[in-house]
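Work through these exercises with the model open beside you. Try each task before reading its solution.

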Amino acid sequence: TFEQLLQGARKNAEFQSRLRVMDIDEGDLKELFHMIDIDGSGTIEPHEFIRPLSRWVHDSKTAPRFIKYNMMRCVHQQEELQRVMEITFHSLASKIEEVSR
């Protein structure tokens, strides 16, 4: 879980060092957890976390990965908002037409 990951980040010196090298703070760690927890279950296996973290520690693209993740999340939220608004506007239009008859 994220809480277990956070405790490890607070207590394990080697893990803290790796996170520092990648410039990942506790807020970023939460986003990183959600990026890796693709199914949204709230849990990830250690190897699911370690594999990308090990790959990214040698990659200068860590910041762009966070940016891309956040942009994609915003796009999905925007699409959902648009869908809800279209449904609401359609419902309102129907009610207005009903009242005007």
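**Exercise 1. Is glutamate 80 buried, partly exposed or exposed, and which residue does its side chain meet in a salt bridge?**

Step 1. Take the cut-offs: buried means under 20% relative accessible area, exposed means over 50%, and partly exposed lies in between (1.4 Å probe, protein chains only). Glutamate 80 has 38% relative accessibility, so glutamate 80 counts as partly exposed.

Step 2. Look for the partner. The side chains of glutamate 80 and arginine 83 meet in a salt bridge, at 2.7 Å from N to O. A salt bridge needs a side-chain nitrogen of Lys or Arg within 4 Å of a carboxyl oxygen of Asp or Glu.

Step 3. Helices are DSSP runs (H or I, at least four residues), numbered from the N terminus. Arginine 83 is partly exposed too, at 42%.

A note on the source: this is a predicted model, where local features need pLDDT of at least 70 and side-chain atom pairs count only at pLDDT 80 or more, while totals for chains, interfaces and linings use all residues. Residues are numbered from 1 along each chain as its sequence is written, and side-chain values use heavy atoms, with hydrogens and water left out.

**Exercise 2. How many salt bridges does the structure hold? Find the others.**

Step 1. The count is three.

Step 2. Arginine 10 and glutamate 26 form one of them, at 2.9 Å from N to O. Arginine 10 is in helix 1 and glutamate 26 is in helix 3, so this pair ties together parts that are 16 residues apart in sequence.

Step 3. Arginine 10 is partly exposed at 42%, and glutamate 26 is partly exposed at 40%.

Step 4. Glutamate 97 forms a salt bridge with arginine 101, with the closest N and O atoms 3.1 Å apart. Glutamate 97 is partly exposed at 46%, whereas arginine 101 is exposed at 75%.

**Exercise 3. Find the aromatic pair and say why it is edge-to-face.**

Step 1. Searching the whole structure gives one aromatic pair. Rings of Phe, Tyr and Trp (its six-membered ring) pair if their centres lie within 6.5 Å; planes under 30 degrees apart count as stacked, over 60 as edge-to-face and the rest as tilted.

Step 2. The ring centres of phenylalanine 2 and phenylalanine 33 are 5.9 Å apart and their planes are at 70°, so the pair is edge-to-face.

Step 3. Phenylalanine 2 belongs to helix 1 (residues 2-11) and phenylalanine 33 to helix 3 (residues 26-36), so the pair ties together parts 31 residues apart in sequence.

**Exercise 4. Which residues have the most contacts inside the largest nonpolar core?**

Step 1. Such a core is a set of buried Ala, Val, Leu, Ile, Met, Phe, Trp, Tyr and Cys residues joined through side-chain atoms within 4.5 Å.

Step 2. The largest one has 14 residues, and Leu5, Phe15, Leu29 and Phe49 have the most contacts inside it. Helix 1, helix 2 (13-21) and helix 3 each supply at least two residues of this core.

Step 3. Follow phenylalanine 49. Its contacts (heavy atoms within 4.5 Å), leaving aside neighbours within four places in sequence, are Leu5, Phe15, Leu29, Leu32, Ile36 and Ile44.
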